[in-house]
Amino acid sequence: MTAEMTVQIVMAAVGALGFGLLFRVSGSRLITLALGGAANWGFYLLAFHAYGDRVLAFFLAALATAALAEVLARLLKTPVLTLLVPMLVPLVPGGDLYYTTLALVQGNMEAFARFGSLVVKEAGAISFGVILVACAVQTVLKIWALARKKTI
């Protein structure tokens, strides 16, 4: 791991911590959010290094982070969204959104289309990763509840 990657992971933790404070999360959950934000960006860096595709890296990082948030929410007995949203903040494609807007303001339609489509793909990858985990968890919980009913 390079020094730049370490700085990125630390800043992801700080960003997640900041959003945790903004959402009035308190106590040890703030540490959980910071570590989750760092893990989120670490997942992204690993996936990007392994596959070289930003959109796929966004999807895999969102998938891993959503699964982590589901597990931690049950352990900490807190709503999943309280953990998930701040932990996903480092993945928000703000830079690409900035360049999309800049290209639009400058009238550079080619760059606007290129960056705009990238933002849509990245946001869609994040959304799909979160939705996939949420649906999988709900399905598993329903199957588990049905199996428990039959054995009782």
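Leaving aside its neighbours within four places in sequence, which residues is Thr100 in contact with? The model to consult is a predicted one. In it, Thr100 touches Phe112, Phe115, Gly116 and Val119, once neighbours within four places in sequence are left aside. Thr100 itself sits in helix H5, which covers residues 94-106. Its relative accessible area is 8%, so Thr100 is buried; the cut-off for that class is under 20%.

Now step back to the whole chain. The protein chain has six helices and zero strands. Along the sequence the pattern reads α-α-α-α-α-α. The C-alpha trace spans about 65 × 30 × 30 Å along its principal axes. Of the 152 residues, 35% are buried. Consider the contacts between residues at least 6 apart in sequence: 62% of these join residues at least 24 apart.

Next, the helix pairs. Start with H3 and H4. Their axes lie 8 Å apart, and the two helices pack at an angle of about 145 degrees. The crossing of H3 and H4 is right-handed. H3 brings Ala62, Thr65, Ala66, Leu68, Ala69, Glu70, Leu72, Ala73, Arg74 and Leu76 to the contact, and H4 brings Val80, Leu83, Leu84, Met87 and Leu88. By class, the contact of H3 with H4 holds twelve nonpolar residues, one polar residue and two charged residues.

H4 also meets H2. Helix H2 runs over residues 28-51 and helix H4 over residues 80-88; their axes come within 8 Å and cross at roughly 50 degrees. That angle makes H2 oblique to H4. The crossing of H2 and H4 is right-handed. On the H2 side, the contact is made by Leu33, Gly36, Gly37 and Asn40. On the H4 side, Thr82, Leu83, Pro86, Met87 and Leu88 take part. The contact of H2 with H4 divides into five nonpolar, four polar and no charged residues. Leu83, Met87 and Leu88 of H4 are listed in the contact with H2, and these residues are also listed in the contact with H3.

Return to Glu70, one of the H3 residues in the contact with H4. Glu70 lies in helix H3, residues 54-76. Is this residue buried or exposed? Glu70 counts as buried because its relative accessibility is 11%, and the limit for that class is under 20%. What does its side chain join in a polar contact of 2.8 Å? The partner is the side chain of Arg74. Beyond neighbours within four places in sequence, Glu70 is in contact with Val80, Val133, Ala134 and Val137.

Finally, look at two loops. Most residues other than glycine have a negative phi. Arg24 is not a glycine, yet its phi is positive, at about 60 degrees. Arg24 lies in the loop between helix H1 (3-22) and H2. With a relative accessible area of 78%, Arg24 is exposed. Lys77 also has a positive phi, near 55 degrees, in a residue other than glycine. Where does Lys77 lie? It is in the loop between H3 and H4. Lys77 counts as exposed, since its relative accessibility is 73% and the class begins over 50%.

Technical notes
Residues numbered from 1 in each chain as written. Predicted model: local features only at pLDDT ≥ 70, side-chain atom pairs only at ≥ 80, totals over all residues. Heavy atoms only, no water. Helix = DSSP H or I, 4+ residues; strand = E, 2+ residues; numbered from the N terminus. Buried < 20%, exposed > 50% of the residue type's maximum accessible area, 1.4 Å probe, protein only. Polar contact = N/O pair within 3.5 Å; in protein donor to acceptor, adjacent residues only side chain to side chain. Contact = heavy atoms within 4.5 Å. Axes fitted to C-alpha atoms, helices over the stretch in contact; angles between N-to-C directions. Parallel < 35°, antiparallel > 145°, perpendicular 65-115°, else oblique. Left-handed = near helix turned anticlockwise from the far one by under 90°. Nonpolar A, V, L, I, M, F, W, Y, C, P; charged D, E, K, R; others polar.
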